[in-house]
Amino acid sequence: MTERPTILIVDDSPANLDLLKGILRETYKLKAATSGEKALQIAARAPAPDLILLDVMMPGLDGHETCRQLKADPATAAIPILFVTGCADTAERAKGLTLGALDTLVKPIDPERLLERVASVLKA
């Protein structure tokens, strides 16, 4: 049996963390962080996560700055990032792509779309 991929879920809302964990726990190993600062620490530890689901709007280090720092660090630059946000604004999505994220998933999360997108990223 092959090792299940690890996903780091970053969201300042415990309810959102629980929702995402509930959707993903059957298929993936999960790590969670409630801040950008904690996400940077977890991502830098070996073994690195295979994917990061990153909330955009968080107090302190927001998702955009967290992504920028992850992509600037050679140790974490190759980890794929999917933003998760309540903002469906096109400019917001474009900013995420510019920072190095692969895509943006808009809340409320569609469980089927989430599973499809995560599987697609991890196969690439």
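User: Is Glu65 buried, exposed or partly exposed?
Analyst: In this predicted model, Glu65 counts as partly exposed because its relative accessibility is 25%; buried means under 20% relative accessible area, exposed over 50% and partly exposed in between, with a 1.4 Å probe and protein chains only.

User: Which helix is Glu65 found in?
Analyst: Glu65 belongs to helix α3. Helices (H or I, at least four residues) and strands (E, at least two) are DSSP runs, numbered from the N terminus.

User: What numbering and limits apply here?
Analyst: Residues are numbered from 1 along each chain as its sequence is written. As the model is predicted, local features need pLDDT of at least 70 and side-chain atom pairs count only at pLDDT 80 or more, while totals for chains, interfaces and linings use all residues; side-chain values use heavy atoms, without hydrogens and water.

User: Turning to strand β4, how many of its residues are buried?
Analyst: Five of the five residues in β4 (residues 81–85) are buried. Ile81, Phe83 and Thr85 point one way, and Leu82 and Val84 the other way.

User: Which way does strand β3 run relative to β4, parallel or antiparallel?
Analyst: Strand β3 (residues 51–55) and β4 run parallel, joined by four bridges; two strands pair if DSSP finds at least two bridges between them. Asp55 stands opposite Val84 in β4.

User: And what joins β4 to β5?
Analyst: Four bridges join β4 to β5 (residues 103–106), and these strands run parallel. Thr104 in β5 is the bridge partner of Phe83.
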